[in-house]
Amino acid sequence: MNIVIQVDPEAGWKLLLDATAPNALYNSTNRFDPPKCDEDTRIEVTEEIMDWIQDCESPQRLLCMTGAAGAGKSALQQTISELCSKKDILGSTFFFSSTDPTRNTASALIATMAYQLGLGNVELRREMGTAVAKDPLIFTKSLKTQMETLIVAPFDYLRCNSKGSELSAQLRNAILIDGLDECTDEQRQAEVLSTIHECLIKNENMPFRIFIASRPEWAIRSALEQAGYLHQVAYHIRLSDDYNAFSDIERVLWRRLREIGRKSSDPRARSPEWPSKEIIEAVCKAASGQFIYAATVIKFVSDIRSSPVDRLQIVLTWTPDKDQRAKPFASLDYLYTNILSRAKEEYEASNTDGHDFLLLIRVYQLMHRGRWGTCPELSELAEFLDLEANAHERLLWDLRSLITTVTPRRHLLRLHFYHKSFHDFLDKERRSMDLFVPEGRADRYVATLSLRYIEEDLGDSATNLPCFLLSSFINKELWPAPSLHPIFLEGGMSPIDRLEKVDRWIDVFAPHSIQRGAVLSWVRILARYIRKRKAGDSETEEFAAIQRYHEKWEKTLNDGSMQPLSPYVDDD
């Protein structure tokens, strides 16, 4: 005997409502005044995305947009959500947020999607409610099981029991997911992508156009890379790389600052000359394509209790080294602190090699800035730092929203920092606080490694030294007058013995013109030391040795084995 179990779709629908995350909706009151694209900005990328969403014949039904932190991904998602809503094609939205416990996990994602999709169709809502009533524990199961039960099966039922034209007319097919990287569990991020791929993309009967935005963190990056399972099926927009935001940021700043000026009681702000073109250009340059930087400036300047002219001047001249109460970039510092802290934790949890993560990042950053000469290729830098050849991949694993790699020339791989403001953050202790690494510490680390190469038995193996070390491996600040750098007094070796090692190193490479920069560095170091200490140290053995080596190395630069030495210029 067959027993028919009666279920109540409305009771099931109520359970589904209880499992949703209302704060994740694009028009949630919790997201009051969310960031969105200003008028006349992001036109090209907005049109590209909207054209893709409305092109239902396109075989790629998944669009993934990645971009640096603060590049404006959420503003674009908000703008696209509103445009889709006006066109009545918005199926569902979900805005992740790491600071909101109701939407910083994937637990409520499927229920929230199902709720919004069900609102647009009575029959679909009934089928979803029935599915939940049959299995009230559905929300404790895997995301794939939830997706198959609450979205795929009801849509299949509707498709089989409705005329195709009627279903198309009722369908709101745009599904938007923002900030996948803000889902706190990386494995759950990967599960979200896998579920969407398995249930909605591989299933050709599913009618959705899915737009996901995220920082280029591990889950989405590994899925989209050439060997990843989404590489062929996803339409990929690299926001920070594909679109230059300078002119858009410039327009936003002009418009917003002029609006603030017109409402100000300060006559200087109401002047048509404020803000000047030079000021706007300075802020745009500092923003380096970072919409969040511009938004931070605008928010700081708009404080009604102060003059916008004075507030903007604070932005332009502010330095954390000064005792200033105003902190115009507090929100940026919070963003960078979260990203860098999380990257540090992940690196230290997965690596047992004993390397100091923050010190290595600081060395990479200063190398990128050319502190110790020519910025090296990444494999050369890894060799110099005694790391594996692809060490940068592990170091940058969770920093891809701030730092990426570029190939300016064939076979060369170098770092690229998206934002100048991140450089500023790393440079200033009052901004990076516990994450700060002094330049002096990085200097000592690089100097120690440089001297290690020199002190080792050179022989034939010396030709394997990194090219950047051969060209210019030491900076004048590593050996400041009036005393020899402390590194030369460490390790039980006298300064004279150290100089003998350097001399041997120069002898080995004297025939190679690539060595000219390094030898010139040493000649200048000794020349500076001689000028500073000549009066007091002229009778010491150490001073005599320094003079002797200075004369020898200067002759080496001029004896024809290297390019002619241009007249030395005192750059003290």
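Helices here are DSSP runs of H or I with at least four residues, strands are E runs of at least two, and both are numbered from the N terminus.

Quick caveat: this is a predicted model, with local features needing pLDDT of at least 70 and side-chain atom pairs counting only at pLDDT 80 or more, while totals for chains, interfaces and linings use all residues. Numbering runs from 1 along each chain as its sequence is written, and side-chain values use heavy atoms, with hydrogens and water left out.

Back to H15, residues 308-317: which of its residues are buried? Pro 308, Val 309, Arg 311, Leu 312 and Val 315, where buried is under 20% relative accessible area, exposed is over 50% and partly exposed is in between, with a 1.4 Å probe and protein chains only. They sit on the same side of H15 because their arc around the axis is only 165°, taking directions from the helix axis to the C-beta atoms. What they pack against is helices H11 (246-263), H12 (267-270), H13 (277-287) and H14 (291-301).

Leu 312 also turns up in the largest nonpolar core, which has 65 residues; it is one of those touching the most other members, along with others including Tyr 293 and Phe 357. A core here is a set of buried Ala, Val, Leu, Ile, Met, Phe, Trp, Tyr and Cys residues joined through side-chain atoms within 4.5 Å. The top contributor to this core is helix H17 (residues 357-368), with nine residues. Beyond four places in sequence, Phe 357 has contacts (heavy atoms within 4.5 Å) with Leu 340, Ala 343, Lys 344, Tyr 347, Leu 395 and Leu 399. There's another core apart from that one, with 51 residues, including Met 113 and Phe 155.

Last stop, Asn 104, in the loop between strand E2 (90-95) and helix H4 (109-119). Asn 104 counts as buried because its relative accessibility is 13%. A polar atom of its side chain is 3.4 Å from the backbone oxygen of Ser 98.

Note on methods
A polar contact is a pair of N or O atoms within 3.5 Å; within protein, one must be able to donate a hydrogen and the other to accept it, and residues adjacent in sequence count only if both atoms are side-chain atoms.
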